[in-house]
Amino acid sequence: MTELTTNPETDLVLTREVDVPRHLVWKAWTVPEHLEQWFCPRPYGARVVRMDVRPGGAFEVQILDPEGKVLESGPGCYLDVVENTRLIWTSALGAGYRPVPPPVPVEGGVDCAFVFTAAITLESLGKDGTRYT
């Protein structure tokens, strides 16, 4: 895969530097029990239903209310996986790069689902730091 390019008119880019080794930041994104710990602000929670971290692999994360009721489910497909370096996924596709059905119309418009693609890149900073974008 070539270098990622962004469009400031349509793309949101966030960068953060943490005092955590890159391989542990990778685990926070790719190991279900780690992702569930930080994915939502408390008192909300997250449940990983599927996480097949490989190109074409499926994922699904459910967002839970404080009582444990599912508020939203976010299925998708990994597009690119380079261990400890890059993780790209989209909600436009399911496992095996298959298109997902469009949102179901509801009274007053469409449901709150939207299509997005996310790209996480990790860079080592010194001995024990990581910049992720």
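**Pocket, sheet and loops of a predicted chain**

Guide: Strand 1 (16-18) and helix 1 (22-30) each supply at least two residues of the lining of the second largest pocket. The model is a predicted one, in which local features need pLDDT of at least 70 and side-chain atom pairs count only at pLDDT 80 or more, while totals for chains, interfaces and linings use all residues. Residues are numbered from 1 along each chain as its sequence is written, and side-chain values use heavy atoms, with hydrogens and water left out.

Visitor: What makes a residue part of the lining of a pocket?

Guide: On a 1 Å grid over the protein atoms alone, a pocket is an open set of points where a 1.4 Å probe fits, with protein on both sides within 12 Å along at least five of seven lines, and a lining residue has an atom within 4 Å of a point. R16, V18, V20, V25, A28, W29, W38 and Y132 meet that condition for the second largest pocket, and helix 1 contributes the largest share of this lining, three residues.

Visitor: How do you know the volume of the second largest pocket?

Guide: The grid points are joined across faces, edges and corners, and the volume is the space filled by probe spheres set on those points; for the second largest pocket this comes to about 150 Å³.

Visitor: Which classes of residue, nonpolar, polar or charged, are found in its lining?

Guide: Ala, Val, Leu, Ile, Met, Phe, Trp, Tyr, Cys and Pro count as nonpolar, Asp, Glu, Lys and Arg as charged, and the others, Gly among them, as polar. By that scheme the lining of the second largest pocket has seven nonpolar residues, no polar ones and one charged one.

Visitor: Why are strand 1 and strand 2 said to stand at the edges?

Guide: Two strands pair if DSSP finds at least two bridges between them, and seven strands form an open sheet with antiparallel pairing, in the order 1-11-10-5-4-3-2. Strand 1 and strand 2 (45-51) each have a single partner strand, so one side of each is left without a neighbour in the sheet. From one strand to the next, the twist averages 25 degrees.

Visitor: How many bridges join strand 2 to strand 3?

Guide: There are six bridges between strand 2 and strand 3 (residues 58-64), which run antiparallel, and V48 has V61 in strand 3 as its bridge partner. Strand 5 and strand 10 pair antiparallel over five bridges, with I88 opposite A119 in strand 10. Four bridges link strand 10 with strand 11, again antiparallel; these two strands form a hairpin with three residues between them, and G126 in the turn has a positive phi of about 65 degrees.

Visitor: What makes helix 1 a helix that packs on the sheet?

Guide: Contact means heavy atoms within 4.5 Å, and helix 1 touches strand 1, strand 2, strand 4 (70-82), strand 5 (86-90), strand 10 (117-125) and strand 11 (129-132). Axes are lines fitted to C-alpha atoms, for helices over the stretch in contact, and angles run from 0 to 180 degrees between N-to-C directions; the direction of helix 1 makes about 160 degrees with that of strand 10.

Visitor: What is noted about phi of Y97?

Guide: Phi of Y97 is near 65 degrees, a positive value in a residue other than glycine. Y97 sits in the loop between strand 6 (93-94) and strand 7 (98-99), and its relative accessible area of 40% makes Y97 partly exposed.

Notes: Buried < 20%, exposed > 50% of the residue type's maximum accessible area, 1.4 Å probe, protein only.
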